[in-house]
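Morning, everyone. I have one structure to show you today.

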Amino acid sequence: MQITFWGVRGSIPSPGPATMGIGGNTSCVEMRAGKAILIFDGGTGLRLLGKKLTKEGGPIVAHMFFSHVHWDHIQGFPFFEPAFVKGNEFHLYGGNNVSRTLEETLAGQMDHPNFPVDLGAMGAAMTFNDLPEGGSVDIDDGGGGQVRVTTARGNHPQGVFAFRVEHAGKVAVYATDTEHYDGRIDDKLAALAKNADVFIYDSQYTPEEYAARKGWGHSTYEEGVKLAKLAGAKRLVLFHHDPTQNDDAVREKEKRAKALFPNVVAAYEGLTIEA
Ligand SMILES: [Zn+2]
Ligand SMILES: [Zn+2]
């Protein structure tokens, strides 16, 4: 399984000279399993992934999983070029949420007067799937195998799903936008991350920053290390960096995490990991 990071930032894009090393685009992670293309979240990083997929040539078939529908996880979708191309095929999965389906939310952000063209102008074939908590989906890997994606609920305002991706004996877990609990471990995430080869975790804050942001739905590298150790994860990826953290701050966060768990990396745009 090959994992590529297209957007690693939380909350709002943060471009500029101070964030050029890590990147300023919001959440978007690509996973390749055999011939299957899986995409996790549609933050502004999705626009760049779209350009790459277009260059690879089509028709493009991909499976897109939305952890939740806060802006920083859907805002790249209206700028995802392959979705406008007839003959491409996208299977979209969401459904942690309450009152609206994924389709209604993605259509809603493109509604008049917020956007010049509506969802119906996208020419690609799309299927919308609202997943239940604990549910799983099997995807053909194009080589006689299957990719299994399983959900678990995280701890975030309006809800969030984390995803476990299994293919050919390898496991990657994508757990963003989740806040740890005070004094107890998140059993659902610990179970989801069990023996993961790659564990991507919401490490938006340092412990000092977190102290002033309790209840905002995000976590720290320290809590990521705790979960990674407990779950027996091999590699931890710090993800969803706070927009106020410049390159130096993210690297300092990584250094502090490394002192607790050697196999850790702070995600940056363009990072590719083989699980
Ligand atoms: Zn977010
Ligand atoms: Zn969120």
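Start with strand β12, residues 236-239. It pairs with β13 in the parallel sense, over 3 bridges. One pair to find: Val-237 has Val-265 in β13 as its bridge partner. Keep in mind that this is a predicted model.

Why do we speak of pairing? Strands of a sheet pair through backbone hydrogen bonds, either parallel or antiparallel.

Now zoom out. The open sheet has 7 strands, in the order β7-β8-β9-β10-β11-β12-β13, and the pairing is mixed. Which are the edge strands? They are β7 (136-140) and β13 (264-266), and each pairs on one side only. On average, neighbouring strands are turned by 20 degrees against each other, direction ignored.

Next, the helices. Helix α6, residues 221-231, packs on the sheet and touches β11 (198-202) and β12. The direction of α6 makes about 145 degrees with that of β11. Helix α7, residues 247-258, lies across β12 and β13. Against β13, α7 runs at about 170 degrees.

On to the metal. What are the protein donors of the zinc ion, ligand 1? They are Asp-72 (OD), His-73 (NE2), Asp-177 (OD) and His-240 (NE2), lying 2.0 to 2.2 Å from the zinc. Along the chain, the spacing reads D-H-x103-D-x62-H. Both Asp-72 and His-73 are buried.

Look at the angles. The 4 donor atoms subtend 93 to 164 degrees around ligand 1, so the arrangement is irregular.

Terms used. Residues numbered from 1 in each chain as written. Chains lettered and ligands numbered in written order. Predicted model: local features only at pLDDT ≥ 70, side-chain atom pairs only at ≥ 80, totals over all residues. Heavy atoms only, no water. Donors = N, O, S within 2.8 Å, 3.2 Å for Na, K, Ca; no water. Tetrahedral: all angles 85-135°; square planar, octahedral: opposite > 155°, others 65-115°. Buried < 20%, exposed > 50% of the residue type's maximum accessible area, 1.4 Å probe, protein only. Pairing = 2+ DSSP bridges. Helix = DSSP H or I, 4+ residues; strand = E, 2+ residues; numbered from the N terminus. Axes fitted to C-alpha atoms, helices over the stretch in contact; angles between N-to-C directions. Contact = heavy atoms within 4.5 Å.
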